[in-house]
Each structure stands twice: as structure tokens, then as C-alpha cells.
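Good morning, and thank you for joining this group meeting. I would ask you to keep the sequence and the structure in view while I speak.

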Amino acid sequence: MGAVDRQFGSPDLGRRAALALGCSAEVNRTMNHNRDALIAAARSASARAYAPYSAFHVGAALGFADGSVVTGANVENASYGLALCAETVAVSRAMADGVRGGLVAVAVIGGSPGEDGVAQPGPGPVTPCGRCRQVLNELAQLGGTDPVVWSASADGVAEMKLSELLPLAFGPANLL
């Protein structure tokens, strides 16, 4: 990791969206997840990627308000459209374990695997794709949170709120 950290978008946007979702600003300020530890968990998860077609390993780590962490790695398929992103795998694991809300932080890292299979990130951050943003949003809205998303690259870590990545998101509240 380089020493450069970048923050995109308005720093106030995530707080405003969280308040609109009914999440207190205090919850956003008291996240108990260490950024570097969550990125390390995502990096470790990337070693378990199944990426025989792209050779691009992605790992994701979800941090919850209770301090728990759930990880996932991308799973490719010969029918390319059926591939699963690391973030979707992690959310699926969390939901299968009965986790409904409390998502406060997400870390994502991706790149070509090194000899140990762990992603060696390039210069730009790998952010969640559109589908993953929607899947993460569903889990976040179940707990009324607006998680911070850390996307690691060789040049540093991009930090943004999920609401910045998916403004005006569609979620459970839209179906009422």
C-alpha cells in the first residue's frame, strides 16, 4: 500500500444519506473496524478466488457493527454472465448466516494474483460494480446504515460512502 489516500465526492453526502435512511450520524462516526485490517481480510480472501478466465482475483470483506467480518472472493463461470463478484459472495454468505443489517464498512481489492494467489493491485482502485453496489445497498438499508467503502490499490486507498457510489439508490423502502 502506498501512503496516498484519496477521498472522492462530498464528505457530507454519506452523512446526509445515512440520516435520510434513519441512521444516526453517531453510528457512522463510531465504526469499530480498522481500515487496514479489513483491507487485509479482503486481500486474504482474494487468494480463494476462482478466476481461470480473467486471472483477476478480487477479495471483499464486510465489517459489521458487532465487529464481525464476512469475506468473499470472485467466482467465475464458463458462461461468463453467471460469474459472481466477491462482494456478492460476501453478502450471500452474510445473509445465509442470518445477518440482516449492521453493515458499516466494506473493503475491496483486486488484481492479478501473485505466486501465493493473493491479488496484486494495480494503480487504480477496484470499486464495486453496479450490481454489487445494489446488493450492498440492500444489506445496508436493512440496518439503516451507509457503510464506508475502502477500495485498495497500489497507490493507496480510495474511501467513499456507499451512497456516493450509488446515489438515489433503490431499496426496500421503495417497495412500500
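Predicted model: local features only at pLDDT ≥ 70, side-chain atom pairs only at ≥ 80, totals over all residues.

Helices here are DSSP runs of H or I with at least four residues, and they are numbered from the N terminus. By that definition, Glu87 belongs to helix 4.

Let me begin with the chain as a whole. The chain contains six helices and seven strands. Read from the N terminus, their order is β-α-α-α-β-β-α-β-β-α-β-β-α. Of the 176 residues in the chain, 45% are buried. If we take the contacts between residues at least 6 apart in sequence, 69% of them join residues at least 24 apart. The chain exposes about 8,400 Å², and carbon and sulfur atoms supply 57% of that area.

I now turn to helix 4. Which residues of helix 4 are buried? They are Ala86, Glu87, Thr88, Val89, Ala90, Val91 and Ala94. Against which elements do these buried residues pack? The partners are strand 2, strand 3, strand 4, which covers residues 103-113, and helix 5, which covers residues 130-142. After helix 4 comes Gly98, with a positive phi near 90°.

Glu87 is buried but has no salt bridge. Which side chain of opposite charge is nearest to Glu87, and how far away is it? The nearest is Arg133, at 7.7 Å. A salt bridge requires a side-chain nitrogen of Lys or Arg within 4 Å of a carboxyl oxygen of Asp or Glu. Setting aside neighbours within four places in sequence, Glu87 is in contact with Ala60, Val108, Thr127, Pro128, Cys132 and Leu136.

The structure does hold one salt bridge. It joins Asp36 to Arg35, with the closest N and O atoms 3.5 Å apart. Are these two residues buried or exposed? Asp36 has a relative accessible area of 47% and is partly exposed. Arg35 is also partly exposed, at 22% relative accessibility.

Next, let us consider the aromatic residues. The structure holds one aromatic pair. The ring centres of Tyr53 and Tyr80 are 5.7 Å apart and the ring planes stand at 70°, so the pair counts as edge-to-face. The pair links distant parts of the chain, the two residues being 27 residues apart. Tyr53 sits in the loop between helix 3 (35-46) and strand 2 (57-64), whereas Tyr80 sits in the loop between strand 3 (69-73) and helix 4 (86-96). Tyr53 is partly exposed, with 40% relative accessibility. Tyr80 counts as exposed, because its relative accessibility is 61%. Both tyrosines also belong to a nonpolar patch on the surface, together with Tyr50, Val75 and Leu84. The accessible area of this patch is about 510 Å².

Let us now move to Leu162, which lies in helix 6, residues 162-165. Is Leu162 buried or exposed? At 3% relative accessibility, Leu162 is buried. Leu162 and Asn137 are 25 residues apart along the chain, yet their C-alpha atoms are separated by 7.2 Å. Apart from neighbours within four places in sequence, Leu162 is in contact with Arg133, Leu136, Asn137, Ala140, Asp146, Pro147 and Val149.

My last topic is the backbone. Most residues other than glycine have a negative phi. Ala55 is partly exposed, at 40% relative accessibility. Another is Leu168, again not a glycine, with a positive phi of about 55°. Leu168 lies in the segment after helix 6, and at 89% relative accessibility it counts as exposed.

Thank you for your attention.

Notes
Residues numbered from 1 in each chain as written. Heavy atoms only, no water. Phe/Tyr/Trp six-rings, centres within 6.5 Å; stacked < 30°, edge-to-face > 60°. Buried < 20%, exposed > 50% of the residue type's maximum accessible area, 1.4 Å probe, protein only. Lys, Arg positive; Asp, Glu negative; His and termini not counted. Contact = heavy atoms within 4.5 Å. Areas by Shrake-Rupley, 256 points an atom, 1.4 Å probe, with all protein chains shown as cover. Patch = residues over 30% accessible without salt bridge, like charges linked within 9 Å, V, L, I, M, F, W, Y side chains within 5 Å.
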